[in-house]
Amino acid sequence: MITKWTPVGVLSPSASSYVGAAVLACVALWLVYASWARFKGFRRYPPGPRRLPFIGNLLQLPPHYQHLTFMDWGKQYGDVIYARFFSTPVIVLNSIDACRALMDKKGAKYSGRPPFTFHNEIIEWRNLVLMQYTDQWRRHRRWYRAAFESKAVVDTYRPLQMSEAHKLLADLLQNPEQFMLHIKKYAVAIIMGLGYGISISSMDDEFIQHVDHAVESVFQSGGPAALLVDFFPILKYLPAWMPGAGFKRLARQVQGSIRDMEYIPLRRVQKAMAAGTVKPSIASSILEETMKDGRLSVADEREIASALGALYAAGTDTTATTTQCFMLAMVLNPEVQKKAQAELDRVVGNSRLPDIGDRDALPYLDAIIMEVYRWCAPVPLGVPHQLLEEDEHMGYRMPRGSTVFSNIWAMTRDEQHYADPERFDPERFLDVTDESDFSDPRKYVFGFGRRICPGRFLADASIWLAAANILATLDIRKARTPTGEEITPEVQFASGSVSHPKPFVCNIRPRSSKSNELVLRALRADRSA
Ligand code: HEM
């Protein structure tokens, strides 16, 4: 007998009622499973690109400019994205709201760091930036809080920052072509001066050689095999002689450079303390606080050496990069430069150099600095956090152990808040009345939650002082070819955890005949202070 067509095929009435019952049973079973799974916490992950077995999304992740790929994923999957690299779950946060909801509001869960097996365990570079969220982190962070997160303390650094800004002007006047290097020296000199009371006269300085060598060798040693060990920590047990374990042999050399970077300047401070000739510095105050009866345990010395060693790695490249971005923005936007110079002339005049006390009276310059942070996003992907416990967000499962990226780059390019985001336009921060995070990029370019950058006030003051002093005394213009054509630098940032502008040329010259005199006078005053 021919029966009617049913969704499950051509069946007799009795067979179809069995099927109907079976379907109902399946639905009931599914509902029971779904509520059980929900109860047990087996919820869906946030949306994200399709994963392959074993390797997950590894092939979709390019080796460079990952923030751009994550931003593209955001257009398809939203602000909170789930991916997996081998067995490591990864969560990408593409919006400020998502970072605030997770990293800020649930700080106790979201403040870990991924294991960074290569850095933490193989080369044993245990610095604050990469450290796990442990009592050791709390101790280092307390030292940093005392040194950098109180306005009263940071204000005491002003004379050193001012005098380094004056030296920067002198370097730029004498040898303008080397401006990228002078800016780096400015950032280094502030960190070495505050950290250890050491003055840096040139980039050939012995201490700079040590730190530069250490930082460079760390980056060079982090090849593909070293990265693999972060995904498969078991590889750390490979004996150094085995093929493929070259990263372990290299690591031994790198360890030596890191020890030099951490101990050579610290030992100098200890010697000066013993001789009673020490200059006040962050090192000397931590040593004084930690020493008992004038003695320091080997373990405490190790801790202090590594806490201070992080200063250079975290604080120089970031500050220098942002200041170099400012220079690039000025070359490309002469009308912005002129407007800022007119504001400086009006407020500061031309008989002295600007100081941080002038800042509130210079809103246009402040808008330029904010736009520089937004436009170049110096640390475009932040530093990844680790989720320490299972969590739920908007009904999605956030698995324990996830590496969590805050895609700061995507926030700076949010078209809802920043029209034409690639354009350098300080006006977008002028006369802003709302207090939202978008009204001031300093609220998010320094990261989130309990791991927020402790050096943010120091860095911001250093960048402002360099910019204000440069604009007050120098004109930054496009360089010209020997045949007189203008060279327009391209806006290109190198890929990496810190987004440097690619090398460019420009023409730097004194704004007026008074510029040299002002700088010389300031240098003399600094020497006699
Ligand atoms: C423009 C300059 C700077 C930028 C853009 C910047 C940005 C950042 C960012 C995005 C983080 C990661 C925050 C997170 O995990 O969410 C960070 C962490 C850190 N920064 Fe900075 N930074 C700058 C300058 C400095 C300076 C001058 C110092 C040193 C005085 C410093 C010391 C650190 C340290 C120690 C950490 C790790 C904090 C922790 O893990 O608890 N930074 N910074």
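Q: Which residues point one way from strand β8, which point the other way, and are they buried or exposed?

A: The model is predicted. In strand β8 (residues 403–406), Thr403 and Phe405 point one way. Val404 and Ser406 point the other way, and all are buried.

Q: In what sense do strand β4 and β8 pair, and over how many bridges?

A: One reads the sense of the pairing first, and then the bridges. Strand β4 (residues 88–93) pairs with β8 in the parallel sense, over 4 bridges. Within this pairing, Thr403 of β8 is the bridge partner of Val90.

Q: How many bridges join strand β5 to β8, and do the two run parallel or antiparallel?

A: Strand β5 (residues 385–386) and β8 run antiparallel, joined by 2 bridges. Here Gln386 has Thr403 of β8 as its bridge partner.

Q: What joins strand β3 to β4, and what do the two strands form?

A: Strand β3 (residues 80–85) runs antiparallel to β4, and 6 bridges join them. One of the paired residues is Ile81, whose bridge partner in β4 is Val92. Together β3 and β4 form a hairpin with 2 residues between them. In the turn, Phe86 has a positive phi of about 50 degrees.

Q: Turning to helices, at what angle do α14 and α15 pack, and how far apart are their axes?

A: For a helix pair, one reads the angle together with the separation of the axes. Helix α14 (residues 334–348) packs on helix α15 (residues 363–376) at an angle of about 140 degrees, with the axes 8 Å apart. Angles over 145 degrees would count as roughly antiparallel, so α14 and α15 are oblique to each other.

Q: Which residues make the contact between α14 and α15?

A: From α14 come Val336, Lys339, Ala340, Glu343 and Leu344, and from α15 come Tyr364, Leu365 and Ile368. By class, this contact has 6 nonpolar and 2 charged residues, with no polar ones.

Q: How many residues surround the ligand, and which are the closest?

A: The ligand is surrounded by 29 residues, the closest being Gly315, Gly447, Arg451, Cys453 and Gly455. By class, the shell divides into 18 nonpolar, 9 polar and 2 charged residues.

Q: Which helices each supply at least two residues of that shell, and which gives the most?

A: The helices are α5 (135–148), α13 (298–332) and α17 (456–473). Of the shell around the ligand, α13 gives the most, with 7 residues.

Terms used:
Residues numbered from 1 in each chain as written. Predicted model: local features only at pLDDT ≥ 70, side-chain atom pairs only at ≥ 80, totals over all residues. Axes fitted to C-alpha atoms, helices over the stretch in contact; angles between N-to-C directions. Parallel < 35°, antiparallel > 145°, perpendicular 65-115°, else oblique. Contact = placed C-beta atoms within 7 Å. Nonpolar A, V, L, I, M, F, W, Y, C, P; charged D, E, K, R; others polar. Buried ≥ 20, exposed ≤ 12 C-beta atoms within 10 Å, placed from the backbone. Pairing = 2+ DSSP bridges. Near = placed C-beta within 6 Å.
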